[in-house]
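Thanks, everyone. Please look at the sequence and the model on the screen, and then I'll walk you through a few spots.

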Amino acid sequence: MEGEELVTCHCCLESITPSEDNPTLICPNCQTKNRPETRIPYDRNGYTELLQLADQMCTYQEVADWNIRAQKEQALIRNAYAGLNVEIQTLNKSVASVSGELEAEKKDYKQHSSLLKRFFVQNKNEKVIAAEISAFERQRSNLYSEQVGLGETAQDLDNLIAYVAKYAPKSPQEKALMLKQIKQEKKELNAKKKEANMQMRAIRSEASNASAHAGKVGLFGFYDSSIAAAQRRGIRIDKEEALAPLEGTKEEIESKILALDKCELFVEKFR
Ligand SMILES: [Zn+2]
């Protein structure tokens, strides 16, 4: 069994120590139940709203409020995840105990039935127990897939929080710092782009030089048109092969610069 982690109240962010006498994780500070008696699946709307809000924010106060709300949503997801763990553990115990019953039943059947009866009459108890086990297992696999979904939402929310931390300022000082960082990153990317352009230009001019000398053979440079055509084709293929990765790099840099331009606009609007 996994050890219980410390839990955070999704309402006031107070820490709660899980214990046997507090199965619903009642918050000592605000009395909120952090684990419902009957579980309601986590609603991803909370995350979707945070995503929309993050896009609309434009004041320092809104950013501060958003961060608190995001932390509460994180706690809600974490608590739902822990709740699923508890349910899965309970199911595991049920499966184990019913499996034990099934074994006992099989043994009993072998000992008390005649060979003929065992062959022709199906054991009803065995079937009932097997059905129970498969029902538990179905339930457990549903809980597992719910956990996978929760894990994905938790990851998305973490990414969003990291983005907001990087690009949504909580003060004029933070805004200035963020803009400075973005400008610096853009400067570095532009230098890399320039470098890629220079390399591409060098490859092109080398290829056109080589092309100009194609077909010249022997000590006196006699021109052979059939050799020239084949050589030019080879030069062109080599050139394209050399350019392809650089073109990829350049495109990647350009899309990063474009993304930073958007970030800059996002940061600029905060007041
Ligand atoms: Zn609380």
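Start with the largest nonpolar core, which has 17 residues. C9, I16, A70, L76, I77, A80 and L157 touch the most other members. Helices α1 and α2 each supply at least two residues of this core. Which helix gives the most? That is α2, residues 60-112, with seven. In soluble globular proteins, nonpolar side chains tend to be buried together. Keep in mind that this is a predicted model.

Stay with L76 for a moment. Leaving aside neighbours within four places in sequence, L76 is in contact with H10 and G46.

Now R35. You'll find R35 in the loop between β2, residues 15-16, and α1, residues 45-56.

Next, the overall layout. The domain assignment gives two entries: domain 1 is 7-168, and domain 2 is 174-268. Their C-alpha centres lie 52 Å apart.

Last, helix α6, residues 225-268. At 1.5 Å a residue, its 44 residues should span 64 Å. The end C-alpha atoms are 62 Å apart, which agrees. Where is the kink in α6? At A244, shortly before the proline P245, and the angle is about 30°.

Definitions and conventions. Residues numbered from 1 in each chain as written. Predicted model: local features only at pLDDT ≥ 70, side-chain atom pairs only at ≥ 80, totals over all residues. Helix = DSSP H or I, 4+ residues; strand = E, 2+ residues; numbered from the N terminus. Expected span 1.5 Å × (residues − 1). Bend = angle between axes of the 7 residues up to and from the residue. Domains from an automatic or database assignment. Core = buried A, V, L, I, M, F, W, Y, C linked by C-beta atoms within 7 Å. Buried ≥ 20, exposed ≤ 12 C-beta atoms within 10 Å, placed from the backbone. Contact = placed C-beta atoms within 7 Å.
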